[in-house]
Amino acid sequence: MLDKSKFASLRAVSRVWAIAAVHGEATRLAAVHEQIAQRFEPGDRVVYLGNYMGHGGDIIATLDTMLSFRRALLAEPGMMTCDVVFLRGAQEEMWSKLMQLHLALDPGSVLAWMLERGLDKTLAAYGGSGPDGIARARGGATELARWSNELRKTMQARPGHANLMSALKRAAFTEDGALLFVHAGLDPARPLAVQGDDLWWGDGFESIDGPYDGFKLIVRGFDRAGHGVAFTTHTATLDGGCGFGSPLHAACFDLDGKVVERIEG
């Protein structure tokens, strides 16, 4: 059995809208939301595929926009809280690890690694900075714990942001077993229940050349290699480079794994 606190099951689905990595591009996300709202039908569900933070310059507005659109969707007849799912992306995973940085054996090196991968923009959004973090790391575990607590309090002061972070899922799937949604990676040799870091950092996604665990299609929202939007018989990659100067992509899938709609903002 899959842990419901880690994996989301989409019920009574007709179609699923999947939104690629946003990377702090609030204006592009708002444009995608507007197009989805115009096309939204009864039985539609929405999955955000992670990396809402990092790289882009409007992270606070991005999370606010996501929360606002969720409220609007839940006002639709028949919609329930479980019908809008937010996946944990690599950026959100790094933020989570940042809150425990004082426990790391070499926190300065860990922080430097995360800063190279876009965490600096998220830090700035919540009142921190990379140089400050590096300096705090030199001050020891107590100083780092104080720093992370300051960042946590700043996030908690933004309505809904901390709640959103605590509700992130590792993956989502339709209850009929047709569609699986992940952030970036997947180890095809391991069952979904034990997928961990491979969902954020793994390189196995592009090697998938057949059905995985009975799913007709696996959809991801971020490709670290930056190869762009791509579709194969068994997989779909929606990352067109949002946050790096390119549009934000989203697509609507039916339960046969076919693309019903493609939009960008």
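## Salt bridges overall

A search of the whole structure finds 18 salt bridges. A salt bridge here is a side-chain nitrogen of Lys or Arg within 4 Å of a carboxyl oxygen of Asp or Glu. This is a predicted model: local features need pLDDT of at least 70, side-chain atom pairs count only at pLDDT 80 or more, and totals for chains, interfaces and linings use all residues. Residues are numbered from 1 along each chain as its sequence is written, and side-chain values use heavy atoms, with hydrogens and water left out.

## A link across the sequence

Arg-45 sits in strand 3, while Asp-83 sits in the loop between helix 2 and strand 4 (84-86), so the pair ties together parts 38 residues apart in sequence. Helices (H or I, at least four residues) and strands (E, at least two) are DSSP runs, numbered from the N terminus.

Both partners are buried: Arg-45 has 4% relative accessibility, and Asp-83 has 0%. Buried means under 20% relative accessible area, exposed over 50%, and partly exposed in between (1.4 Å probe, protein chains only).

## Salt bridges within helices

Helix 3 (residues 90-98) holds both Glu-93 and Lys-97, four residues apart, about one turn of the helix. Their closest N and O atoms are 3.7 Å apart. Glu-93 is buried at 8%. Lys-97 is partly exposed at 45%.

In helix 5 (residues 130-138), Asp-132 and Arg-136 are also separated by about one helical turn. Their salt bridge has its closest N and O atoms 3.4 Å apart. Arg-136 is buried at 14%, whereas Asp-132 is partly exposed at 29%. Shared partners join Asp-132, Arg-136, Glu-143, Arg-146 and Glu-150 into one network of salt bridges.

## A buried threonine

Thr-62 belongs to helix 2. Its relative accessibility is 0%, so Thr-62 counts as buried. A polar atom of its side chain lies 3.3 Å from the backbone nitrogen of Ala-26.

Leaving out residues up to four places away in sequence, Thr-62 touches Val-22, Gly-24, Glu-25, Ala-26, Leu-29 and Tyr-52. Contact means heavy atoms within 4.5 Å.

## Positive phi in two loops

Asn-51 is not a glycine, yet its phi is positive, about 60 degrees. Asn-51 lies in the loop between strand 3 (44-48) and helix 2 (59-74). Asn-51 is buried at 0%.

Asp-213 has a positive phi of about 55 degrees and is not a glycine either. Its place is the loop between helix 8 (198-201) and strand 7 (217-220). Asp-213 is exposed, at 54% relative accessibility.

Terms used. A polar contact is a pair of N or O atoms within 3.5 Å; within protein, one must be able to donate a hydrogen and the other to accept it, and residues adjacent in sequence count only if both atoms are side-chain atoms.
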